[in-house]
Number of protein chains: 2
Amino acid sequence: MNRYEHLANVLGERIEQGLYPSGQRLPSVRMLSNEHGVSVSTVQQAYRMLEDRLLVEARPKSGYFVSASKRLPGLPAVCRTPQRPVDISQWDQVLAQITSRVIPGMIALGGGTPDLTLPSLRPLSRALVKVAQRTDLSALYYDLIDGSKELRDQIARLMIDSGSSIDAENLVITTGCHEALSIAIRSVCEFGDIVAVDSPSFHGAMQTLKGFGMKALEIPTDPVTGISIEALEMALEQWPIKAIQLTPNCNNPLGYNMPDERKKALLRLAQCYDIAIIEDDVYGDLAYQYPRPATIYSFDDDGRVLLCSSFSKTLAPGLRMGWIAPGRYRDRALHMKYIGTGASATHPQLAIADFIKEGYYQTHLRRIRQQYQQNLCVMTDWVIRYFPEGVRVSRPQGGFLLWVELDEKIDTQKLNRLLEPEKIQISVGSIFSASGKYRNCLRLNYSQLDEKIHEPAIKRVGEVIHQMMENG
Amino acid sequence: MNRYEHLANVLGERIEQGLYPSGQRLPSVRMLSNEHGVSVSTVQQAYRMLEDRLLVEARPKSGYFVSASKRLPGLPAVCRTPQRPVDISQWDQVLAQITSRVIPGMIALGGGTPDLTLPSLRPLSRALVKVAQRTDLSALYYDLIDGSKELRDQIARLMIDSGSSIDAENLVITTGCHEALSIAIRSVCEFGDIVAVDSPSFHGAMQTLKGFGMKALEIPTDPVTGISIEALEMALEQWPIKAIQLTPNCNNPLGYNMPDERKKALLRLAQCYDIAIIEDDVYGDLAYQYPRPATIYSFDDDGRVLLCSSFSKTLAPGLRMGWIAPGRYRDRALHMKYIGTGASATHPQLAIADFIKEGYYQTHLRRIRQQYQQNLCVMTDWVIRYFPEGVRVSRPQGGFLLWVELDEKIDTQKLNRLLEPEKIQISVGSIFSASGKYRNCLRLNYSQLDEKIHEPAIKRVGEVIHQMMENG
Ligand SMILES: Cc1ncc(COP(=O)(O)O)c(C=O)c1O
Ligand SMILES: Cc1ncc(COP(=O)(O)O)c(C=O)c1O
């Protein structure tokens, strides 16, 4: 753990234990710097981390204060996972979720779509037009199996921000992060293999394991620091695990960034047991902290991490543009790419490469990160206000997804059915588990909040939950 | 077999046996109609078929003549396949072929790209521009998992031409025909299963079988009528075959259309042994005959045929837009779609739907079919002129690919190496076999022929083959 992380934890605990009551002014940066023998910038970083966790507010010219407006609810509980590999279920629920978008007028509170309406994204549409108009018709031809050099070069540049120096030759462009994950899993595992996953975990990756006949072993995962290294080590001792699949940055659905020390510890474990890590970084560029957190991939020096990502969350999911950095598995990844879809689509590759090259990516990123961070406070407020007391919520450090844990009695699939006539829909928690856990949890998307639409919808969800509580 | 097919075969045999020498006038339509007791239009259809096979030429006002300009070389031999399932090899050669496009200035004589430069395709680029400019930003959003209704509706309409009445609900849009095949194979088969394939066969499908751990059983295939029903039946008796994967229309690489009777016989076999058929129809709309040949899918009434296709050969491969009609396997196909790539890209779906709806598809099709049919004669001429005597060539009835069989001594991989310094490349035959057969064969693409570029290139290939023959 870094110094500032350590300091942030100390201060955070004091706040949560009520030592500094809400609204109170916190010690000045200079005071803390003296008290703890650390630099001023370390204290500032610690305070910024606590701001990210919504525990602290900075007031211009007066310093740092314990967040007054709200008492934050508790964190979601760490799952008590039965430690054995399971066949993955939940496809029916996933299918219900991904096909439900058809219903016109539905307010989807749980989906995975970012805000696409910002002016900072407009140049992307213009780039698509420009590429379609090229007289060399380059958009129409088959591309290379590993993707266009233009785009791979740009991605290699972007990846420096997450700590990696990667050669464009070692990237393979994919049809979204879905295909990247699918390639990664098939590059590393075979039918019947066991894969350790964070829990809760992205349903797409788990359904991919299911589809290829693998078993998932859900590892208890802390809502602030991520997958438990200790539980993982125990599991590795007990089972012939082939790979670890996880989303360490801006996790879906929990929103945490794993601290670097834990990422490194995870990598050491993987080295020790000689297994692969499939790292999903699809939300990584949406971290609220600056610079964005490092990937596990960036610490890897023997090619065992397969990094999967896409532009679906940062730019636009409809373009289906992702990539994989497959490390030492490149040959096998190319075969899996070829038999999955052949080459990737040419047009969006060239358009995105152009968009990044012109500098629009970073501008857009700054804009949406800010919006998402602000919306997080709004959404958290609404949940506190409208949901029954005792509700637990995640502390996202990036992205646009909030994880909400309700009373154990509440089944969110039933909640969704009750909300159907009102044309409101949340994401049910059970799809984030290989075995249908988290039935009392739900996921909310706060990428784009309209007070006239979303506040009444959240209020209504709260009311229905209240009713469900009362009816037992 | 139809009456006209029967008649065409009788006449064709007489010509090939030299009963009617080249340049000679053939019996008039009326005479044959009397002689064989069939209608005038049946005779006309038979003659048209023989024209397609380049055996006969129509001369305005004077009737039909045996093609004078060329004596057609023999047909490629039917492979004597060792009748046992094999693990698929050849990935290295496939990879070499699909990555070789990087070399600047290379004349690729063997690739799978259609002509994209025709004015009749111009409206597709315009449609891409239009969709990118839509103010509702629809191109950027996630699409439904089975694809956009607009495009599915249009495809359902197009499929009427191949004899199918299909509901748009029973189609799933895919990332090219590659993904359609990948989905089909995974929907029907499991690790270790045996799949019967035509031989030679599309390498993409075979590599997919390889990638998912299945074995291929290559069935002898006639260069004019397709996969041998008799050999297939024997194989079905002997082995626990799970599915048949084949390209019955405008076959790649042989170019034949399986006669309807043989398609029906194949379907009966599949019913009898209760197995699935994976039908690749990617070139079907490029058949030179009118109306285009029927699919096996169109005869199927119990949902055992999974039809796979795309717009890669008719429109543009870079858009990666295909589809699957998965019959009774829809649920599993949706799961496989989800875990392969998630939803398909939205932008090209909407653009292609628009292009078809405006009537541009049929116009373009007419234009390119005509060009390909003309180019076939040109390319065949060149091969006859420049390749050593004894060369055997296919009689494509659609598409833009010619299969050439050389003397058994010639290894086309070696040929390609010898051509490398001249920046000329052909497709080697061995990638079209699961086990490296057809080493003395090659595939040529005649979609777009420039006499200044392609004739000298073919001539050079012929010279190098001559040299190889001389050097033993
Ligand atoms: C963690 C995670 N990984 C991958 C994906 C899929 O990304 P894409 O749309 O690029 O396939 C998602 C989207 O929901 C996600 O949440
Ligand atoms: C018979 C056959 N099927 C499928 C494909 C792949 O089509 P797509 O580019 O749409 O994936 C090809 C292309 O080479 C082919 O020849």
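1. Taken alone, ligand 2 exposes 400 Å², and the protein buries 96% of that; accessible areas here come from the Shrake-Rupley method with a 1.4 Å probe, and for residues only the protein chains shown count as cover.

2. A word on how to read the values. This is a predicted model, in which local features need pLDDT of at least 70 and side-chain atom pairs count only at pLDDT 80 or more, while totals for chains, interfaces and linings use all residues. Residues are numbered from 1 along each chain as its sequence is written, chains are lettered from A and ligands numbered from 1 in the order in which they are written, and side-chain values use heavy atoms, with hydrogens and water left out.

3. Which chains surround ligand 2? Residues from chains A and B do, so the site is shared between chains. There are 14 residues around ligand 2, and A:Tyr142, B:Asn252, B:Asp280, B:Ser310 and B:Ser312 come nearest; a residue is near a molecule or strand if one of its heavy atoms lies within 4 Å of it. Helix 7 (residues 176-188) of chain B gives the largest share of this shell, three residues. Helices (H or I, at least four residues) and strands (E, at least two) are DSSP runs, numbered from the N terminus. By class, the shell has five nonpolar, six polar and three charged residues. Here Ala, Val, Leu, Ile, Met, Phe, Trp, Tyr, Cys and Pro count as nonpolar, Asp, Glu, Lys and Arg as charged, and the others, Gly among them, as polar.

4. Now turn to ligand 1, which lies between chains A and B. Of the 13 residues around it, A:Asn252, A:Asp280, A:Ser310, A:Ser312 and B:Tyr142 come nearest. A backbone N or O atom of A:His178 lies 2.8 Å from an oxygen atom of ligand 1. Side chains take part too: A:Tyr283 has an N or O atom 2.9 Å from a ligand 1 oxygen, and for A:Lys313 the distance is 3.0 Å. Of the 400 Å² that ligand 1 exposes when taken alone, the protein buries 96%. Helix 7 (residues 176-188) of chain A supplies the largest share of the shell, three residues.

5. How are the two chains related? Chain B can be laid on chain A with an RMSD of 0.2 Å by a turn of 180 degrees and a shift of 0.1 Å along the axis. That is the relation of a two-fold axis. The superposition is by least squares on the C-alpha atoms of residues with pLDDT of at least 70 in both copies. Of the residues of chain B, B:Val129 comes closest to the rotation axis, at 2.4 Å (C-alpha).

6. The interface is worth a look. The contact (heavy atoms within 4.5 Å) takes 61 residues from chain B and 61 residues from chain A. About 5000 Å² is buried between the chains, and carbon and sulfur atoms give 68% of this area. In chain B, B:Leu140, B:Tyr142 and B:Tyr338 lose the most area to chain A, together 17% of what that side buries. Buried area is the accessible area (1.4 Å probe) that two parts lose on being put together, summed over both. The copies meet through the same surface, because 100% of the interface residues of chain B are also interface residues in chain A.

7. Finally, some backbone details to check. Most residues other than glycine have a negative phi, and most peptide bonds are trans. The peptide bond from B:Asn252 to B:Pro253 is cis, with omega near 10 degrees, and B:Pro253 sits in the loop between strand 8 (241-246) and helix 10 (260-272) of chain B. A:Gln90 has a positive phi of about 75 degrees although it is not a glycine.

Methods:
Polar contact = N/O pair within 3.5 Å; in protein donor to acceptor, adjacent residues only side chain to side chain.
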